[in-house]
Structure formats: structure tokens, C-alpha cells
Number of protein chains: 2
Amino acid sequence: MWTKAALLTLFLASTASAFVNSKLSVKPFLSPAFSAVKDDEVIIAEDIEEKDKAFDLVGYFKSNLPALEKAMLAATKSDIPQTDNICKSMEYSLMAGGKRLRPMLCIAACEMFGGSLGDAVPTAIALEMIHTMSLIHDDLPMMDDDDLRRGKPTNHVVFGEQVAILAGDAMLAGSFEVVAKNTPKSVPAKRVIQVITILGKTMGPVGLAGGQAMDLECEGKEGVSVEDLTWIHTHKTAALLEASICAGATLGGATEDEVETLRKFAIDIGLAFQIADDILDITATTEELGKTAAKDLEADKATYPKLLGLEESKIEAQRLIDEAKTLMKPFGDRAIPLLAMADFIVNRKN
Amino acid sequence: MWTKAALLTLFLASTASAFVNSKLSVKPFLSPAFSAVKDDEVIIAEDIEEKDKAFDLVGYFKSNLPALEKAMLAATKSDIPQTDNICKSMEYSLMAGGKRLRPMLCIAACEMFGGSLGDAVPTAIALEMIHTMSLIHDDLPMMDDDDLRRGKPTNHVVFGEQVAILAGDAMLAGSFEVVAKNTPKSVPAKRVIQVITILGKTMGPVGLAGGQAMDLECEGKEGVSVEDLTWIHTHKTAALLEASICAGATLGGATEDEVETLRKFAIDIGLAFQIADDILDITATTEELGKTAAKDLEADKATYPKLLGLEESKIEAQRLIDEAKTLMKPFGDRAIPLLAMADFIVNRKN
């Protein structure tokens with residue numbers, strides 16, 4: 001049986017122009033490795049499995065991708081020859097593939113409350129721009145010192161450190177410009193301002209930058225606790241997934257209470273996402289990941305498998321996903337795309 | 001006679017808590033070095049001198065500074081102990097003094113069209129945050145490799161390169177958050193969105209990041225033309241002064257045509273500002289500048305004095321200021337604070 005995760009991996013590894021042509025019939029699954037959950041959680045999961053069964057996640061990704069790729073490419077272009085180098089550097093990293101999970105979460109959350117794909121696209125690509133610029137800066141020699149990302153040499157390897165830093169800066173600023181400039185006028189201006197507040201916070205001290213700083217601080221340090229690690233993961237990774245979902249919901253017109261429920265869902269799946277990343281770092285190959293495997297181990301980083309063990313980490317990831325799904329029950333069928341993405345997060349292979 | 005520039009230098013070198021107590025009587029002046037302008041421009045300049053005479057620029061800076069400093073300090077704070085290091089790094093550079101010229105330009109442009117200080121403050125500090133983060137990243141060893149800024153060791157010297165990069169990223173994102181979150185609700189949301197578009201563009205490829213990339217590319221290169229240099233200066237320096245003035249005018253309710261006139265004024269004074277910087281690099285001491293003197297010379301950078309000679313550069317700076325002032329005639333007395341700042345730009349000593 002082809003699993004949803006395997007199909008998605010296959011699909012996402014292909015370029016935008018090389019889509020699978022036939023509509024894929026996707027059957028969700030729970031990996032046996034993730035079966036050790038409490039009884040009531042199994043019941044909830046089964047209930048959601050049932051609803052989820054008909055949902056074609058690959059098709060959903062496939063249908064949204066062209067609009068995203070087109071808008072992302074446009075965001076890296078300028079007509080001015082003097083900017084060639086920095087624009088090429090931005091394009092290189094932004095168009096290097098990747099799961100586009102954050103944009104998809106944003107679109108799904110926006111549509112969940114009645115917004116359209118077009119309403120969400122500028123914010124969705126802004127999230128991918130923020131994600132990508134954080135990777136460019138994290139990969140720098142004086143940071144995580146990584147040579148490989150999304151199966152290609154990292155930005156600074158190709159364009160040099162100077163351009164890599166500046167391209168990251170330009171992409172971060174550009175992400176806000178895109179939201180402010182390109183969000184359809186039909187979306188109330190106040191919502192756009194709320195979205196910009198969300199995006200601004202997510203890269204700050206209580207977001208990606210703070211999480212990465214604390215992560216580097218803890219590298220090779222004795223006595224890093226699960227609480228420390230959860231703080232790092234919540235801010236380094238979950239913060240941007242949280243921003244994706246909350247911004248999408250805001251654009252779609254969710255109430256404050258609804259956004260708060262989605263925030264809890266997002267933090268759960270964001271933490272699960274990072275635990276899955278930690279697990280993949282030691283169980284997957286460099287080829288499968290498209291980035292250097294066993295990197296955390298080598299850098300002596302605190303990870304969930306290191307602190308809890310591999311099996312306990314898998315259990316914790318699934319517990320978080322189940323908790324997240326429970327939170328979404330009040331939204332009924334409208335939440336199905338987000339639930340399918342939650343499944344994908346723990347079952348993915350890269 | 002104490003010149004306005006000398007008084008401002010004295011004033012700005014002091015900390016926010018050590019203000020000069022007496023109200024200073026400021027008499028504008030034209031440096032003899034800048035006297036070689038055309039006849040009609042002299043007349044315009046004299047006319048403006050007359051109007052300008054009563055304006056107390058030092059007092060203007062002094063009255064706006066406390067609101068700015070308070071808001072800037074708040075923008076670097078978080079209650080979360082894990083963010084201590086990155087917040088301290090942000091505070092270190094943002095609160096290190098500096099001329100605060102960009103915020104003052106923004107406030108003056110906002111007030112010129114009927115906006116209040118409070119309307120402008122979030123955008124004004126966002127501009128200073130963008131300026132400061134660009135300095136933190138520019139000073140990095142793999143960029144301009146500078147150890148001294150605003151009379152203090154540079155950010156990476158104190159906090160390390162990792163934190164310096166992340167603090168810069170956090171400050172850039174935070175600048176947008178501040179505008180979106182803290183601009184008074186009385187300012188129409190559409191204006192706030194326009195301001196964010198302006199700020200987003202200013203750090204992009206056709207802004208600071210592109211200007212710095214091109215500047216580094218031209219370092220030590222033969223055959224850099226005045227046109228190349230003007231492109232670099234327009235984008236590396238003038239772009240943010242342009243954003244300061246256009247954003248301020250937008251917040252205050254200027255029409256599109258008015259914003260376009262102010263844009264031309266801003267580009268002129270922005271170019272003059274950078275030419276003055278080039279001149280100061282070779283004529284002022286490290287102590288006067290608060291940053292390493294003769295740095296451009298040492299790095300074999302293309303500068304106006306290098307390409308045009310020192311005297312021609314001074315003439316060009318003053319020509320730009322006079323051209324800028326002419327553009328502002330239709331606004332009459334409302335433009336006086338901006339005109340006084342234009343004078344300050346070429347007459348400053350650091």
C-alpha cells in the first residue's frame with residue numbers, strides 16, 4: 001500500500017511542472033510506530049480517520065501549488081540589473097522546493113472560515129519567505145554551518161556569505177511588503193494589519209530568532225531539560241506553524257476565540273513536527289532528507305530522542321497530534337484539510 | 001558662534017537623560033565650503049534661510065526624543081527569561097544613541113500634513129530599528145568588518161556573530177510588528193498598510209540590501225562610475241530616508257502627488273547625506289565619528305571624494321540640498337522642520 005506520506009514525498013520531490021497526472025486515491029494511515037496512545041485518544045483518532053478518509057491531501061496540495069509558486073517567483077524578481085545577484089540568491093532558495101507546509105496550513109485555515117485561496121496567497125508566500133530566510137541564516141557557517149538544504153548546496157555556498165545574509169534580510173522585509181501590497185482589497189484592512197502583527201512577532205525574540213538563539217546556546221551544554229527543549233522547539237519551529245494557521249484564520253474572518261483554539265492546535269502540531277524532525281535526523285538518510293542527516297547528533301544538540309529515547313519521542317509526537325485533533329472537533333468537517341496535514345506532519349519521510 | 005550643526009552634535013552626543021537644560025538659540029548657517037552654487041539657488045537658499053531662522057531644530061529634536069526612546073526601549077523588551085540574551089543585544093544597539101535622523105524626518109513629514117507625534121512614533125521607531133539592524137549586519141566580520149559603532153564596540157564584538165545576526169533579524173521583523181500593533185487606531189488602516197509596503201520595499205533588493213550587496217561587489221573594483229556609486233548611495237542610504245519621509249507623509253494624510261514631491265526631496269537629501277558621510281570618512285576623526293574613520297579608504301571603496309575630489313563632492317552635496325529645498329517651496333512654512341534637517345545633513349560633524 002502506498003501511504004499518504006510516501007505519496008506526498010513522491011509528489012513534493014517532483015517539480016511544479018512535473019505533477020503526477022492522475023488523481024491519487026489517498027488512504028490515511030496510522031503508523032504502527034505511533035499506535036501506543038491512550039484508549040480515548042484512539043477512539044478520537046479513529047473518528048477523525050473516518051471523516052478524513054475521503055480527503056485528497058495530495059490533490060489539495062497540487063491544486064494550490066501553482067498559485068503559490070507563481071507568486072513566490074514574482075516576489076524574487078526585479079527589473080533592475082544591479083539587483084541581479086541578490087534576486088538570484090533569493091530565487092535560488094525560495095524556489096528550491098520544500099514541502100510548502102506553512103503556506104498550505106495558511107490556505108487551509110483561511111478557507112476553513114470562508115476565505116478564498118486568493119485571499120491567503122500573499123500571506124502564505126510571506127510565511128514561506130520567512131521560513132526560507134530563517135533557513136538561509138541558520139545554515140551560515142557561524143550558525144549551524146550546513147552545506148546542504150532541500151537537496152542543493154546552501155545559499156552561502158553558492159552566493160557567498162555576504163549575499164546570503166542580505167538575501168535573507170531582503171526576503172524577510174519582502175514578506176511584509178507582499179502581504180501589505182498584494183492582499184486583495186476585499187480583505188478588510190484591519191485583518192491585514194492583524195496578520196502583519198502575527199508575522200512580525202513570529203520572527204522576534206519570542207519566535208524563530210529567540211528559539212534559534214537558545215538552541216545555539218544549549219548546543220553541547222550539559223543538563224538541558226525537556227522543558228528547555230520544548231521552549232526551543234515551540235519558538236524555533238512551532239511559532240511559524242502557529243503564525244501560518246492563525247494568520248490564515250484571521251484572513252478568513254475567524255473570531256478571536258476561534259483563532260485561540262487554532263493557536264493551541266498549531267502549537268501541538270508544531271511541536272510534533274519538530275519531534276518528527278528530530279526523529280528523522282537519526283532515522284533517515286541525507287538523500288531522503290535533502291539535508292545533512294545526523295547533524296543534531298554531530299553537533300551534540302539537545303533533541304527529543306536524546307532526552308526521551310526514540311520510542312518515547314514517537315509516542316509524544318502522536319500524543320500531540322491526537323490532542324490537536326481533539327481541539328478541532330467543534331469545527332467538524334471544515335477542519336479536515338488541517339487534520340490531514342496534522343497526520344502528514346508525523347508520518348512524513350523528510 | 002556656535003553653529004547649528006555643532007550644537008546638534010553636542011546635543012546628540014549626550015544621552016537622553018543628559019539633555020542640555022536651557023533652550024538653545026539656533027542660527028542656521030551655510031558653510032563657506034558649500035557656497036559655490038548657482039545664482040538662483042543662492043536666492044532660494046537665502047529665502048529659506050530667512051524663514052528658517054526662527055526654527056529651533058535642537059528644541060524640535062529634544063521634544064520628540066523622549067517618546068521615541070521610550071517606545072524603542074519597549075520594543076526590545078520581553079518578559080521571558082529565555083530571550084534575555086537576544087533582547088539585550090537588540091537594546092544594546094538600538095539604545096546606543098545615534099542621530100535619530102530617520103525618526104525625526106518621519107515625524108516632521110507626518111506633522112507637515114496634520115498628523116500628530118503619536119501617529120508617527122511607531123513608524124518612526126520602526127525606521128530606526130531597520131536602520132540599526134542594517135548596521136548590525138553591515139558591521140559583521142564577513143561584511144564591512146567593523147569593531148566600532150556609535151562610539152561603542154559593535155554588536156557582534158559584544159554578543160557574538162550568531163546573536164548579532166539573530167538580533168538583526170528579530171529587529172527587522174519587530175519593526176513591522178511595532179507599526180501594525182502600535183499605530184493609533186485613529187490612523188486609517190489603509191495608511192498603515194501603505195506604510196508597511198514602503199518599509200518592506202526599503203530593505204529589499206531595490207533598497208538597503210541591494211545597495212549594500214552592490215557596494216560590497218564594487219569594493220576594490222576598477223572602473224566604478226559615478227552612476228554606479230549614485231545607484232549604491234541611492235539604495236543603501238537614500239532609500240531609508242525616502243521611506244522615512246514618505247511613510248511620515250502617508251501617515252499624516254498627504255495625497256499621492258504630495259508624497260511623490262517629498263520622495264524627490266528625500267532622494268536628494270539622502271544622496272547628500274551619503275556624500276557627507278563619504279566626506280566625513282576622510283576629514284573627521286574616529287572619535288568625532290563614533291565609528292572607524294578612513295574605513296572606506298582602507299577598504300578601497302568607491303566614494304564621491306575618490307571619484308569627484310573633495311571640493312567637487314562638497315559642491316554636489318550642497319547642490320542636492322538646494323535642489324531639495326526648491327522642491328519644497330509649494331509647501332511654504334509647513335516644510336520648515338524638514339528644511340532645517342536638510343541643512344543639518346550637510347553640516348553635521350558625525
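## Two helices side by side

In chain A, helices α5(A) and α10(A) run roughly parallel to each other, because an angle under 35 degrees counts as such. This comes from a predicted model. Helix α5 spans residues 101-112 of chain A, and helix α10 spans residues 226-252. They pack at an angle of about 30°, and their axes lie 7 Å apart. The crossing of α5(A) and α10(A) is right-handed.

Which residues of α5(A) meet α10(A)? From α5(A) come A:Arg102, A:Leu105, A:Cys106, A:Ile107, A:Ala108, A:Ala109, A:Cys110, A:Glu111 and A:Met112. On the α10(A) side they meet A:Leu240, A:Leu241, A:Ser244, A:Ile245, A:Ala247, A:Gly248, A:Ala249, A:Leu251 and A:Gly252. By class, this contact of α5(A) with α10(A) has 13 nonpolar, three polar and two charged residues.

## The fold of chain A

Chain A has 16 helices and two strands. Of its 350 residues, 53% are buried. Now take the contacts in chain A with a separation of 6 or more: 75% of them join residues 24 or more positions apart.

## Where chain A touches chain B

The contact takes 44 residues from chain A and 44 residues from chain B. On the chain A side, the elements that give two or more residues are α4 (84-94), α7 (155-182), α8 (189-202) and α9 (208-218). Which element gives the most? That is α7(A), with 14 residues. By class, the side of chain A that touches chain B has 25 nonpolar, 12 polar and seven charged residues.

## How the copies are related

## Two residues with positive phi

Most residues other than glycine have a negative phi. B:Asp145 has a positive phi of about 50°, although it is not a glycine. B:Asp145 sits in the loop between α6 (117-138) and β1 (148-149) of chain B. Is B:Asp145 buried or partly exposed? There are 14 other C-beta atoms within 10 Å, so B:Asp145 is partly exposed.

B:Arg150 also calls for a look. Its phi is positive too, near 50°, in a residue other than glycine. B:Arg150 is in the loop between β1 and β2 (152-153) of chain B. With 18 other C-beta atoms within 10 Å, B:Arg150 is partly exposed, because a buried residue needs 20 or more.

## A meeting of two loops

B:Gly290 lies in the loop between α13 (286-289) and α14 (295-298) of chain B. Where does B:Arg150 stand relative to B:Gly290? The two are 140 residues apart along the chain, and their C-alpha atoms are separated by 4.5 Å. B:Arg150 belongs to the loop between β1 and β2.

Leave aside the neighbours of B:Gly290 within four places in sequence. B:Gly290 is then in contact with B:Arg150, B:Gly151 and B:Asn350. B:Gly290 has 18 C-beta neighbours inside 10 Å, so B:Gly290 counts as partly exposed.

Note on methods. Residues are numbered from 1 along each chain as its sequence is written. Chains are lettered from A and ligands numbered from 1 in the order in which they are written. This is a predicted model: local features need pLDDT of at least 70, side-chain atom pairs count only at pLDDT 80 or more; totals for chains, interfaces and linings use all residues. Axes are lines fitted to C-alpha atoms, for helices over the stretch in contact, and angles run from 0 to 180 degrees between N-to-C directions. Helices (H or I, at least four residues) and strands (E, at least two) are DSSP runs, numbered from the N terminus. Angles under 35 degrees count as roughly parallel, over 145 as roughly antiparallel, 65 to 115 as roughly perpendicular and the rest as oblique. A crossing is left-handed if the near helix is turned anticlockwise from the far one by less than a right angle, and right-handed if clockwise. Two residues are in contact if their C-beta atoms, placed from the backbone, lie within 7 Å. Ala, Val, Leu, Ile, Met, Phe, Trp, Tyr, Cys and Pro count as nonpolar, Asp, Glu, Lys and Arg as charged, and the others, Gly among them, as polar. A residue is buried if 20 or more other C-beta atoms lie within 10 Å of its own, exposed if 12 or fewer, and partly exposed in between; C-beta atoms are placed from the backbone.
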